[in-house]
Amino acid sequence: MAEGKPKPKYTPGELKDEDIIRIPDQNGKIKEIIKVEGITIPCEVIRSGHIPDIRLNLPKIRKMTCREDDIFLCAFPRSGTHWTWEIINMLTTGKLEYLSQPKESAMMEFHYPEEFDNIPSRRILNTHLPVRLLPTDVKEKNLKVILVQRNPKDVLVSAFHFLQKAKLMPFEGTFDEFFKMFMKGGLRQSWFDYTLESEKAVNEKELDMHVINYEELKKNTVPTIKRLSEFLGTNCDDEYITKVAEMCSFQGMKKANDEVKDIDKFTFEKDLMKSHYRKGEIGDWKNMMTVAQSKQFDELFAEKMKDSSFKFDFTK
Ligand code: A3P
């Protein structure tokens, strides 16, 4: 197979003209998108056939039969999903080994549910979909859900760098253009809506959900992993958890991504997969956002999140 031209795996459904929304991008090029259950998807992604057509996949996900011990890892993109996924794997398998499979091998938007049938228990299925789109079994069987939260200013900056490297969904504009798009909620879904919806599920105890904070995981790694282990009932001892924390450090994960992960087998966006581990720091937003942008963000945050108990330290 020629490098850069992987064979599509899925057959997309028909894209009807009346469903397509056409918007000029920052360079005047027309971007075609569709809205599916509140999620924005570029038509190119559907046409590519590299991931399942979300219009066909969402109903399948909703009806999927889950196992009693399945774990669902939910996070807005760039919040530390890969990191947490690897930690959970080490906790549930009891093995201090990186999995050769990348996180994307168990990502719900990237596969139809039946493709997960061969994954041995416990499965750690992960997704950036909002919690309302999880399988109905998650609530009915009271399955464990983990939500990863990160300072949204760092999420924004991380997403900007990441999407510049994407082939299928690149962002080719300036940081200011990306900033404006993020503020308008134009990145597949709004960070604010995603977070408020997740918080509601926590507060109303709709789901058996444990919240992990990226910054806490970074600063107080061992106690944060210990609480996660208790929530999952894996009850690993402190010595084991300390080793998990070391192996899943930023440097450890970056090295594993380069040397252990079987990226070629699982993805069409190989360059993008190699750039998942960029800086792994708290407060990198300060290197990108202007004082005016930061103020604008603070104002929108104060308005949208006024009733939220999720707190983020914007001084760091
Ligand atoms: P940066 O771009 O700020 O470096 P996700 O996995 O949800 O896509 O999140 C990716 C972000 O998590 C990237 O942020 C990445 O570097 C960071 N990350 C991944 N592993 C990490 C680790 N072990 N420690 C700290 N940050 C990590």
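**Notes on aromatic contacts and the cavity**

1. Let's start with F160: its relative accessibility comes out at 6%, so F160 counts as buried. Bear in mind throughout that this is a predicted model.

2. How many aromatic pairs does a search of the whole structure find? The answer is 19. I'll pick out a couple of them below.

3. One to look at is F76 with F182. The ring centres sit 6.3 Å apart and the planes make an angle of 75 degrees, so this pair is edge-to-face. The two residues come from distant parts of the chain, 106 residues apart. F76 belongs to the loop between β4 (71-75) and α3 (81-93), while F182 is in helix α6, which covers residues 175-183. Both F76 and F182 are buried.

4. Back to F160, now with its partner F175. Here the ring centres are 5.2 Å apart and the planes are at 80 degrees, which is over the 60 degrees needed, so the pair is edge-to-face. F160 is in helix α5 (residues 152-164) and F175 is in helix α6, so the contact ties together parts 15 residues apart in sequence. Helix α6 therefore turns up in both pairs, through F182 and through F175.

5. Which residues form it? W191 and F192 are in there, along with F297, F301, F312 and F314, and together they make one cluster.

6. R150 lies over the face of Y214, 3.9 Å from the ring centre. K153 does likewise with W285, lying over the ring face at 4.1 Å from its centre.

7. The largest cavity holds about 50 Å³ of space.

8. What lines the largest cavity? The residues are H82, W85, E86, P102, K103, E104, N257, K261, M273 and Y277. Helix α3 gives the most to this lining, with 3 residues. Sorted by class, the lining has 4 nonpolar, 2 polar and 4 charged residues. For orientation, α3 (81-93) is also the helix at one end of the loop that carries F76.

Key. Residues numbered from 1 in each chain as written. Predicted model: local features only at pLDDT ≥ 70, side-chain atom pairs only at ≥ 80, totals over all residues. Heavy atoms only, no water. Phe/Tyr/Trp six-rings, centres within 6.5 Å; stacked < 30°, edge-to-face > 60°. Helix = DSSP H or I, 4+ residues; strand = E, 2+ residues; numbered from the N terminus. Buried < 20%, exposed > 50% of the residue type's maximum accessible area, 1.4 Å probe, protein only. Lys NZ or Arg CZ within 6 Å of the ring centre and 35° of its normal. 1 Å grid on protein atoms, 1.4 Å probe; cavity = no way out; pocket = protein on both sides within 12 Å on 5 of 7 lines; lining within 4 Å. Points joined across faces, edges and corners; volume = space filled by probe spheres on them. Nonpolar A, V, L, I, M, F, W, Y, C, P; charged D, E, K, R; others polar.
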